[in-house]
Amino acid sequence: MADLDYIFEQNEQWREKVTVEDPTFFETLANQHTPEILWIGCSDARVPANQITGLLPGEIFVHRNIANMVIHSDLNSLSVIQYAVEVLKVKHIIITGHYECGGISAALDPKDHGLIDNWLRHIRDVIRFNEEEFSTVPQDQYANRLTELNVIEQVRNLSETTVVKHALDSDRELTLHGWVYSLKSGKLKELCRVE
Ligand code: CO
C-alpha cells in the first residue's frame with residue numbers, strides 16, 4: 001500500500017490545481033454525465049483516451065480491451081455500447097487501434113499464449129478475411145496493416161450490433177469512426193467512417 005502513496009499525493013495535487021482553475025469543476029461534473037463520444041480503445045497503458053485527445057473528464061465515455069475489439073458475443077463491450085447509445089445518446093463512437101500493439105503482435109505469433117489466444121483468434125480472423133491483401137503486404141508492414149484492418153473490421157462489427165443498427169435505422173445522429181494512433185509520433189489518423 002505504502003508503495004502507492006505517491007498516487008494519493010498526486011491526486012491531491014491534481015485536485016487542488018483543478019479547483020484553483022475552476023472552483024465548480026467537480027460539483028458540475030458530479031451532477032452531469034453527458035459525453036458526446038464513446039471511445040473504444042486498446043488497454044495498452046500508452047494509449048490513454050483523454051490524454052491523447054486533449055479531452056477533459058466528462059467529455060469522453062471509454063471502453064478499453066486488448067486490441068480494441070468489438071466481439072459479437074462480448075457482453076461487456078455490448079453493454080457499454082448500449083448504455084452509450086441509448087442512455088448517454090453519444091453522437092460519435094470512435095474505435096482507435098495503435099501501432100506496436102501487443103495484441104496484434106501476439107496474434108501474429110504462432111506460439112501458445114494460453115487463454116488469451118481465444119481472444120486473439122478474432123484478430124487472426126481479420127487476416128483470413130483479408131487474405132488477398134496480406135499476400136502482398138511486405139513482412140515489415142504486416143503488423144501495421146493488420147492494426148489498420150483490425151480497426152476497420154471492428155467498426156464493421158460495431159455497425160452490425162443491434163444497438164447501433166437500431167440507432168442508425170431511426171435516423172439518430174450517430175457516426176462511427178475508425179482511427180489509428182502512432183505511439184512513435186503521438187499522432188491520430190482516420191481510417192474509416194460510417195454515417
Ligand atoms: Co494494443
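Helices (H or I, at least four residues) and strands (E, at least two) are taken here as DSSP runs, numbered from the N terminus. In this predicted model, the elements of the protein chain then follow the order α-α-β-α-β-α-β-α-α-α-α-α-β-β, read from the N terminus on. The chain holds 9 helices and 5 strands.

Along the principal axes, the C-alpha atoms of the protein chain fill a box of roughly 60 × 50 × 30 Å. The accessible surface of the protein chain amounts to about 11,500 Å², and carbon and sulfur atoms contribute 52% of that surface. Of the 195 residues in the protein chain, 40% are buried.

Helix α8 spans residues 142-160 and helix α9 spans residues 162-169; the two pack at an angle of about 70 degrees, and their axes are 5 Å apart. Because angles of 65 to 115 degrees count as roughly perpendicular, α8 is roughly perpendicular to α9. On the α8 side, the contact is formed by L158, S159 and E160, which meet T162, V164 and K165 in α9. By residue class, the contact of α8 with α9 is made up of 2 nonpolar, 2 polar and 2 charged residues.

Notes
Residues numbered from 1 in each chain as written. Predicted model: local features only at pLDDT ≥ 70, side-chain atom pairs only at ≥ 80, totals over all residues. Heavy atoms only, no water. Axes fitted to C-alpha atoms, helices over the stretch in contact; angles between N-to-C directions. Parallel < 35°, antiparallel > 145°, perpendicular 65-115°, else oblique. Contact = heavy atoms within 4.5 Å. Nonpolar A, V, L, I, M, F, W, Y, C, P; charged D, E, K, R; others polar. Buried < 20%, exposed > 50% of the residue type's maximum accessible area, 1.4 Å probe, protein only. Areas by Shrake-Rupley, 256 points an atom, 1.4 Å probe, with all protein chains shown as cover.
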